[in-house]
Amino acid sequence: MRLLPWSGQGGKPCYLVGDGTCYLSRVADDIECVQLDMAARLLDHATDMLADHGAA
């Protein structure tokens, strides 16, 4: 079972059962890739802000 990167009805977690080659698995892979890229950019931005002693 794979935990999908989105919530279901009522905010409950969504799981996918399969071999990881179906269309929904590829959609989840793409969304997770975007989420990881966004997280990396946010961390880079936070690092830059922390290094800037003039930032408040």
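Author: Happy to. The chain carries 4 positive and 8 negative side chains, and the centres of these two sets are 12 Å apart. Lys and Arg count as positive here and Asp and Glu as negative, while His and the chain ends are not counted; each charge is placed at NZ of Lys, CZ of Arg, CG of Asp or CD of Glu.

A word on the basis: this is a predicted model, in which local features need pLDDT of at least 70 and side-chain atom pairs count only at pLDDT 80 or more, while totals for chains, interfaces and linings use all residues. Residues are numbered from 1 along each chain as its sequence is written, and side-chain values use heavy atoms, with hydrogens and water left out.

First, the setting. The chain has two strands and one helix, arranged along the sequence as β-β-α. Helices (H or I, at least four residues) and strands (E, at least two) are DSSP runs, numbered from the N terminus. The C-alpha trace spans about 50 × 25 × 15 Å along its principal axes. Buried residues account for 9% of the 56 residues, where buried means under 20% relative accessible area, exposed over 50%, and partly exposed in between (1.4 Å probe, protein chains only).

Now to the pairing of charges. Searching the whole structure turns up three salt bridges, each defined as a side-chain nitrogen of Lys or Arg within 4 Å of a carboxyl oxygen of Asp or Glu.

Start with aspartate 29, which forms a salt bridge with arginine 2; their closest N and O atoms are 2.7 Å apart. This pair links distant parts of the chain, since aspartate 29 sits in helix 1 and arginine 2 in strand 1 (residues 2-7), 27 residues apart. Aspartate 29 is partly exposed, at 37% relative accessible area.

Arginine 2 also meets the side chain of glutamate 32 in a salt bridge, at 2.6 Å from N to O. Here too distant parts of the chain are linked: arginine 2 in strand 1 and glutamate 32 in helix 1, 30 residues apart. Glutamate 32 counts as partly exposed, with 25% relative accessibility.

Serine 25, in helix 1, touches Arg2, Leu16 and Gly20, leaving aside residues up to four places away in sequence; contact means heavy atoms within 4.5 Å. Serine 25 is buried, with a relative accessible area of 2%.

The remaining bridge is between arginine 41 and aspartate 37, with the closest N and O atoms 3.0 Å apart. Both residues lie in helix 1 (residues 23-51), four residues apart, or about one turn of the helix. Arginine 41 is exposed, at 57% relative accessible area, whereas aspartate 37 is partly exposed at 37%. Elsewhere, salt bridges with shared partners join Arg2, Asp29 and Glu32 into one network.
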